[in-house]
Amino acid sequence: MTSTTERVFAGTGGLFLRALEVLRLVVTGRFDRRETLRLVDEGLRDVAPTVAVGSVVIGGIVGLQGLTYLTRYAATDVFGWAAAMSAFRDVGPTLLAFALAARLGTRNAAETAVLAARERLDAICALGLDPARLVTAPRVVALVVISLALYPPAALVMLVVAFLFAAVLGGQSVVISAWSVIEYVEADILLEGLARMSLFGLTVGLATTHAGLSLWLSDRRGAGDVGAAVYGGSVVSACGIVTVNLIASLLGSAG
Amino acid sequence: MRPGILPLVWRRLDEVVVGSLLLVLVAVSGIGAAMADQAGRQAMRLLGDQSFVGVEYPVLGLQEFCPLIVALVLALRVGAGFTAELATLRSDDTFDALLVAGAHPWRTRIAPMVLALPPGTVALAMLALVGWEAAGVLVMLGRSGINPFTFLHPEVVTAPLLLLLVGKCLVFGGCVAVGAVGAAMLPARPAELGVTVTRGVVLGTLLTLGANLAFDVGWYLA
């Protein structure tokens, strides 16, 4: 029986090799673009309602957090800036990544695990095709593209909802909030947020695709094993999001 | 003789708390460290003073991030696990077989999960609070040279804030349980186990986020 430490090292090593495999295929352009586009289209339509609801709720949370400090320190002028920092870079992308991991990450792990469990990957190999080009790389790339595509509208919705909450509950002027964003928030913050979201997408894509593919070479291919792969992918995604967030915060600007 | 429900709840509680402790500590400490670092650097840049970060940081953890991050991690980890377990029982007809055999799967399988999640979330959030504060202390010491004794402000941990944390955790734990059980009990084909797990995690996550917003609005208005 392997210990937890052995499993963690084996899992990390496997994930690293998977990341190198995807990187090689993306750099050389040898992945299935049509499949990638199909996954992006399907994923965007699938995740849009979850992200819309999530953005509204996260915007409310961001607005209420700002409102607490606004009331305590009478900081009307900087509310917009603080809300934008939270929505665009600090809180928004992190919570959005958790929502993305919950919706698309689990779905990606489940689909990949089912492909492995039903011997579809064996069939791809039998046809002389490369599963890494047809399955692995398109899934990881699609999750990064979806994350990037969702970030601008989600960040905007979060900010607008935060302003509306502050206006309705705290009487904070929407005009002053908007002025504060224009005056104090630099474009770099948006780029940092975009970079974080793409890294979160990459983390979730790699973790969940790898978890699903872990069934391929094992003899455990039952329904319960598919659930276990989804569960494993979720756990690694959560750890990955937190680690990437911490590194990005430590290396990022002060805003 | 029917077995008592308490040992079953206790076993689930062990699964929720002990099984998730490491992941919860990593998640809460990681997010806490990032928050403390950003707050410290922004305070220094804008005000040239970091003294209020130590006062506000534990409040932010108590009021918002410890319960929320713990619940989101539980939705991803325990929610997915419980949904997968129940959905597997349903898909291979074990659940119906247990019903027919009079083994009371609602009492022996589902009730322990639902009863264990809320107190488990409270216990994890309390432990996570220690990780949150320790992460803040370490980051502020390492990045800004702030003395840990200057940064620590235990006096801001008041009874109403602790009550809010407990209340949030109890409700969030319930949300994760409702998401898992609700998704698993919906009709699904065996091949759709992955979809069912996804549904359980998403439902738990969205319910938690919504409940958090409702709590925040209520707390602000109060």
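The contact between chain A and chain B takes 44 residues from chain A and 43 residues from chain B. The model is predicted.

**Chain B side of the contact**
- Helix H1 (5-47), helix H2 (53-91) and helix H7 (193-221) of chain B are the elements that each give two or more residues to the side touching chain A.
- H7(B) gives the most to this side, with 16 residues.
- By class, this side of chain B divides into 25 nonpolar, 11 polar and 7 charged residues.

**Helix pair in chain A**
- Helix H2 (residues 33-73) and helix H5 (residues 131-170) of chain A have axes that come within 5 Å.
- The two axes cross at roughly 30°.
- H2(A) is therefore roughly parallel to H5(A), since angles under 35 degrees count as roughly parallel.
- The crossing of H2(A) past H5(A) is right-handed.
- The contact of H2(A) with H5(A) has 30 nonpolar, 9 polar and 2 charged residues.

**A loop residue in chain A**
- A:Glu119 sits in the loop between helix H3 (79-117) and helix H4 (120-126) of chain A.
- Phi of A:Glu119 is near 65°, a positive value in a residue other than glycine.
- Most residues other than glycine have a negative phi.
- Is A:Glu119 buried, exposed or partly exposed? A:Glu119 is partly exposed, because 13 other C-beta atoms lie within 10 Å; a residue is exposed at 12 or fewer and buried at 20 or more.

Definitions and conventions:
Residues numbered from 1 in each chain as written. Chains lettered and ligands numbered in written order. Predicted model: local features only at pLDDT ≥ 70, side-chain atom pairs only at ≥ 80, totals over all residues. Contact = placed C-beta atoms within 7 Å. Helix = DSSP H or I, 4+ residues; strand = E, 2+ residues; numbered from the N terminus. Nonpolar A, V, L, I, M, F, W, Y, C, P; charged D, E, K, R; others polar. Axes fitted to C-alpha atoms, helices over the stretch in contact; angles between N-to-C directions. Parallel < 35°, antiparallel > 145°, perpendicular 65-115°, else oblique. Left-handed = near helix turned anticlockwise from the far one by under 90°.
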